[in-house]
Every structure is written in structure tokens, then in C-alpha cells.
Amino acid sequence: MKKFFLLFLLLLIFPLQVQSYNIVCPSESVEIIEKESVINKLTGLNFASKKIVEIAIQKVLNDEFYKSNINADLDIFNINRLRKGEFKSLSLKTKLLRYRALSMSNFYAQTVCSYNKVVQQNKKVYFPIDLPLKFEGTITNLDIQNVLNSEEFQRELKKINIIQTPKVNIQNGYLNFVVPVKTFFNANPFNIKFKANIEVENNKIVLRDIAFNSKSNIINNDIIAPLLDVINPIAYEIDAANGKFCKLLITKAKIVGNEIKTNGVLVINKNIGEGNE
């Protein structure tokens, strides 16, 4: 009963959140079909102009996604449209994406819509409409350690003061947990040990098929098992990425060997009015 109370307390501290997002592309996407002029192609003006905008987009993204070293690549309609901030598509690529508690390796994203727009103002890029990108990425054991060691995750643990930093690793197709829980009755914490598979529910990665270690000091039953989702660092890092600048929604996740392969939608949130060009 005491153990059940501790886990119930965790659920109150780490509430489950439902995320949803419907992608609606701008109507301009069917109207922007213009041919490039011959002079643009001959002078290479397209390439130079495109590179300037790419660098500006990279700067604002790398200011937000610190330590990520994101590379941006634009596909444009033509120079006239580009001067207005309009382009066909944008792809993003980085070996390591970092944002708050989020850590994801081998990240690649591509815009969903065939018409997209940014606004350049005071040498900075802004987004007059939401910019949705489909992405794929990998969560490694190093990424999990980045989450567990992040200020955000550690701050949440301190709020409850009964759980120490868990040990979590991906091995042989499972997430393996060792969760130290402090009690009033013993100076040393007791360890909850279990392994779990994962699935996507409400745009987040949740634990499924939880199997407790037979030597763990805990009762394995259907009431306690779902509560252990609240200490899932994989779900926490996705939730922590959703804020003023962006949303991160998971559509698919699967453990492959010692890694988690993910797919989803990254939305760069609108942060300026469309009339501010």
C-alpha cells in the first residue's frame, strides 16, 4: 500500500498530456507556379540569394536549438518570391538535436506544405505562419543520458524528493529501468527494476508490456504498472520540447536493437503577423 501511494504521487507530479495538431497548408500553395528567368539561371543569383536566406534560417534555429548545428536547405520558386520570404520547401539536418530536455540523434526534417514563408526583419528571420515539418530521428542511450542529466528533468525530480535519478538504457529491444525510491523507513532507497517496450499514444511515447524483475521489491500488477509511465524520460523529453517556439509530436516509435527510431511532426510556431513584412 505504501509503494502504491508513492507511485500515485508520481502520477500527480508528472501528469500525462494529450497533444494533437492538424496540418493545414496555406492556399497559396496552388497559386505559386512561376518560371525562373534565364538571367537568374545564368548569373547564379538564385544560389547566392538562397544561401543568404538559408544562413539566416540556420541562425535563428541554432539560437533556439542550442548546440544542434542545424543545416538548412531551401528549394525556391524564384528570386522574386524568395525576396518576399516565400519558398517551396525547407529541409533540416543535424547529427544531434538539442532543445531543453530534448536530445535526438541523426535528425532530418522536411516541410510538409508546398508553399512556405518567412519574414526577414532587422537581420532576423520570423515565421508569419506555422511551419510544419515531418521528421525522423533516433534516440540513443547517450540521448537518454542527456535527458536524465538535463536541468529540466532534475528539477522535476527535486519536486518530489523521493526518487533519485533513474538508470535507463536501451538494450536488446527493450527499455531497462532501475528506479531508486527513498522511503521514511529505510536509509537506503529500494530499487524498482523493470523492462518495457514502447508505443505511441496521443503523440507521445509511452511504456507498454512492462515486466518487473523478480527480485525487485515491488508487486507486479495491472494497477501499478501504468503509473510507471510517469518516470519515462522518453516521454518527458518530448513534452519538454513543446513551448513557445515549437511543438514536437510523435507519430511512430520503435525500439530497434539498442536505439529508438522515431517519426513525427516538428512545428515551428508562428511568431509574427503576416502583415509585418
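Mentor: Before we look at the sheet, one definition: two strands pair if DSSP finds at least two bridges between them. Keep in mind too that this is a predicted model.

Trainee: Thanks! What order do the six strands of the open sheet take?

Mentor: The order is S1-S3-S4-S8-S14-S13, with antiparallel pairing. On average, neighbouring strands in this sheet are turned by 15° against each other, direction ignored.

Trainee: What makes strand S1 and strand S13 edge strands?

Mentor: S1 (71–75) and S13 (246–256) each have a single partner strand, so one side of each has no neighbour in the sheet.

Trainee: How do you know that S13 and strand S14 are paired?

Mentor: Pairing needs at least two bridges, and 10 bridges join S13 to S14 (residues 259–268), so the two count as paired. They run antiparallel, and Lys-254 stands opposite Lys-261 in S14.

Trainee: Which helices meet this sheet?

Mentor: Helix H3 (residues 45–64) lies across S1, strand S3 (89–99) and S14, at about 140° to S1. Helix H7 (residues 233–240) touches strand S4 (102–111), strand S8 (131–139), S13 and S14, and its direction makes about 50° with that of S4.

Trainee: Now the rings. Why is the pair of Phe-127 and Phe-245 called edge-to-face?

Mentor: Two values decide it. The ring centres are 6.4 Å apart, and the limit for a pair is 6.5 Å. A search of the whole structure finds eight aromatic pairs.

Trainee: What does that pair tie together?

Mentor: Phe-127 is in the loop between strand S7 (124–126) and S8, and Phe-245 is in the loop between H7 and S13, so the pair ties together parts 118 residues apart in sequence. Phe-65, Tyr-99, Phe-127 and Phe-245 form one aromatic cluster.

Trainee: Are Phe-127 and Phe-245 buried or exposed?

Mentor: Buried means under 20% relative accessible area. Phe-127 has 1%, so it is buried; Phe-245 has 9%, so it is buried as well.

Trainee: And Thr-111: buried or exposed?

Mentor: Thr-111, found in strand S4, has 8% relative accessibility, which is under 20%, so it counts as buried. Its C-alpha atom is separated by 4.0 Å from that of Leu-133, 22 residues apart along the chain.

Trainee: How do you know that the charged end of Lys-195 sits by Tyr-174?

Mentor: The charged end of Lys-195 sits over the ring of Tyr-174, 4.4 Å from its centre, and the distance cut-off is 6 Å. Lys-195 is also the bridge partner, in S11, of Asn-176. Seven bridges join S10 to strand S11 (residues 190–201), and these run antiparallel.

Trainee: Which residues have the most contacts inside the largest nonpolar core?

Mentor: They are Ile-57, Leu-61, Phe-65, Leu-175, Phe-194 and Ile-268, in a core of 66 residues. Leaving aside neighbours within four places in sequence, Leu-61 is in contact with Ile-70, Leu-92, Phe-245 and Ile-268. In soluble globular proteins, nonpolar side chains tend to be buried together.

Terms used
Residues numbered from 1 in each chain as written. Predicted model: local features only at pLDDT ≥ 70, side-chain atom pairs only at ≥ 80, totals over all residues. Heavy atoms only, no water. Helix = DSSP H or I, 4+ residues; strand = E, 2+ residues; numbered from the N terminus. Axes fitted to C-alpha atoms, helices over the stretch in contact; angles between N-to-C directions. Contact = heavy atoms within 4.5 Å. Phe/Tyr/Trp six-rings, centres within 6.5 Å; stacked < 30°, edge-to-face > 60°. Buried < 20%, exposed > 50% of the residue type's maximum accessible area, 1.4 Å probe, protein only. Lys NZ or Arg CZ within 6 Å of the ring centre and 35° of its normal. Core = buried A, V, L, I, M, F, W, Y, C linked by side-chain atoms within 4.5 Å.
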